[in-house]
Amino acid sequence: MGHTPAPVQPVDRIRWVKLSSVVLPLETAISDAKVFTGRQKPMAEVVLLVVEIATEQGYEGVGFGYSKRAGGPGQYAHAVEIADGLIGQDPNDIGRLVTALTWAGASVGRSGLSTQAIAAIDIALWDLKARRAGLPLAKLIGAHRDGVRCYNTSGGFLHTPIEEVCDNATRAVEAGIGGIKIKVGHPEARVDLARVERVRSHLGDDIALMVDANQQWDRATARRMCRALEPYDLVWIEEPLDAYDHIGHAELTAAVDTPIATGEMLTSVAEHRALIEHRSCDVIQPDAPRIGGITAFQSLATLADQAHLDLAPHFAMEIHLHLTASYPRDGWVEHFDWLAPLFEEELRTESGRMLLPQRPGLGITLTDQARAWTRASHEVGERP
């Protein structure tokens with residue numbers, strides 16, 4: 001018996017795009033190793049570029065990118081300059097649209113701030129496409145699992161007293177989070193080692209523990225610290241060296257037993273390719289809003305899988321949960337509670353994993369608070 005083919009859907013067109021610059025205040029100013037070494041000031045806010053898109057047929061999508069400390073207004077300004085190129089276009093042709101937006105700002109390159117402005121648009125287009133299909137984004141791409149191992153970072157910053165770090169870790173584990181990451185990279189090595197010793201003792205041997213040096217060691221210090229950290233059975237040591245020191249990371253990866261993780265500060269697929277080609281890490285940590293969005297992330301994920309790398313994307317769990325669930329290898333997603341006030345929905349954690357939401361798209365809805373924190377907005381076209 002034959003089946004009647006589904007009718008061909010008429011081509012849809014983008015009719016409206018809204019860009020918003022949203023400033024999210026943090027309850028406590030955050031300090032990691034970059035602050036303790038005098039390279040940055042404490043971070044008191046996160047600036048987000050939020051993109052909303054609507055089509056003639058009434059479909060909508062939302063995406064976001066972000067900046068910490070500086071760059072947010074620049075991302076927003078670049079997006080404002082190029083967004084009108086979306087009006088009248090078929091939202092399904094995401095790769096073509098991203099290429100056109102990239103060429104619209106070609107003189108400022110294909111990495112960094114310009115790429116991050118395009119990323120928020122790319123993510124909104126993917127959210128729209130999945131909502132149109134009535135599928136969670138991971139299911140649209142093709143999920144390998146319905147939950148992803150997760151670890152908490154927001155409770156383990158260097159400015160936080162160690163007993164408070166331990167209390168935060170206990171709450172995270174009790175909430176179903178499977179691992180704890182704490183910051184290291186303090187100017188005094190003994191401070192780092194004492195903090196790791198305390199947290200490992202507090203958690204016991206069965207809870208996953210990671211550390212993050214935020215690029216603050218030179219090569220010699222990194223070798224010494226990685227050796228000193230070997231007894232603590234860490235899942236990985238993150239950013240022990242400058243993010244662009246591919247050779248140093250490669251030498252360290254080959255020299256120590258504990259896996260080395262890096263990649264979050266890179267801002268293009270091309271920059272990550274250098275990590276992969278030099279075998280500079282065991283765990284690669286791309287950030288979709290930083291490298292150009294979901295389209296770019298999928299290209300990178302293919303390269304990373306072919307190189308047999310583990311995946312642990314940086315920040316933005318609302319996006320990276322879907323992308324990590326779609327990766328062939330069982331990766332990790334980073335639990336940060338900072339963005340929770342922006343979205344109506346809450347991601348669930350259970351038995352050490354973050355569960356894939358069954359809502360269409362990314363499964364996020366902006367809150368009234370997100371609207372209240374909006375500092376600037378720009379619209380092109382007309383909302384249906």
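**Close-up 1. Cys166 and Cys150 in the predicted model.** The sulfur of Cys166 lies 19 Å from the closest cysteine sulfur, that of Cys150, which is too far for a bond. In this predicted model, a disulfide would require the two sulfur atoms to be within 2.5 Å. The count of disulfides accordingly comes to zero. Cys150 is likewise in no disulfide, its nearest cysteine sulfur being that of Cys166. Cys150 is buried, with a relative accessible area of 0%, and Cys166 also counts as buried, at 1% relative accessibility.

**Close-up 2. Packing of helix α8 against helix α9.** Helix α8 spans residues 219-229 and helix α9 residues 246-255. Their axes are 11 Å apart and form an angle of about 25°, so the two helices are roughly parallel to each other. The crossing of α8 and α9 is right-handed. On the α8 side, Arg219, Ala222, Arg223 and Cys226 take part in the contact, meeting Ile247, Gly248, Glu251 and Leu252 of α9. Classified by residue type, this contact of α8 with α9 comprises four nonpolar, one polar and three charged residues.

**Close-up 3. Crossing of helix α4 and helix α12.** The axes of helix α4 (residues 113-133) and helix α12 (residues 294-306) come within 8 Å and cross at roughly 90°. Helix α4 is therefore roughly perpendicular to α12. Asp122, Ile123 and Trp126 of α4 meet Ile294, Thr295 and Gln298 of α12. The contact of α4 with α12 has three nonpolar residues, two polar residues and one charged residue.

Conventions. Residues are numbered from 1 along each chain as its sequence is written. This is a predicted model: local features need pLDDT of at least 70, side-chain atom pairs count only at pLDDT 80 or more; totals for chains, interfaces and linings use all residues. Side-chain values use heavy atoms; hydrogens and water are left out. Axes are lines fitted to C-alpha atoms, for helices over the stretch in contact, and angles run from 0 to 180 degrees between N-to-C directions. Helices (H or I, at least four residues) and strands (E, at least two) are DSSP runs, numbered from the N terminus. Angles under 35 degrees count as roughly parallel, over 145 as roughly antiparallel, 65 to 115 as roughly perpendicular and the rest as oblique. Contact means heavy atoms within 4.5 Å. Ala, Val, Leu, Ile, Met, Phe, Trp, Tyr, Cys and Pro count as nonpolar, Asp, Glu, Lys and Arg as charged, and the others, Gly among them, as polar. Buried means under 20% relative accessible area, exposed over 50%, partly exposed in between (1.4 Å probe, protein chains only). A crossing is left-handed if the near helix is turned anticlockwise from the far one by less than a right angle, and right-handed if clockwise.
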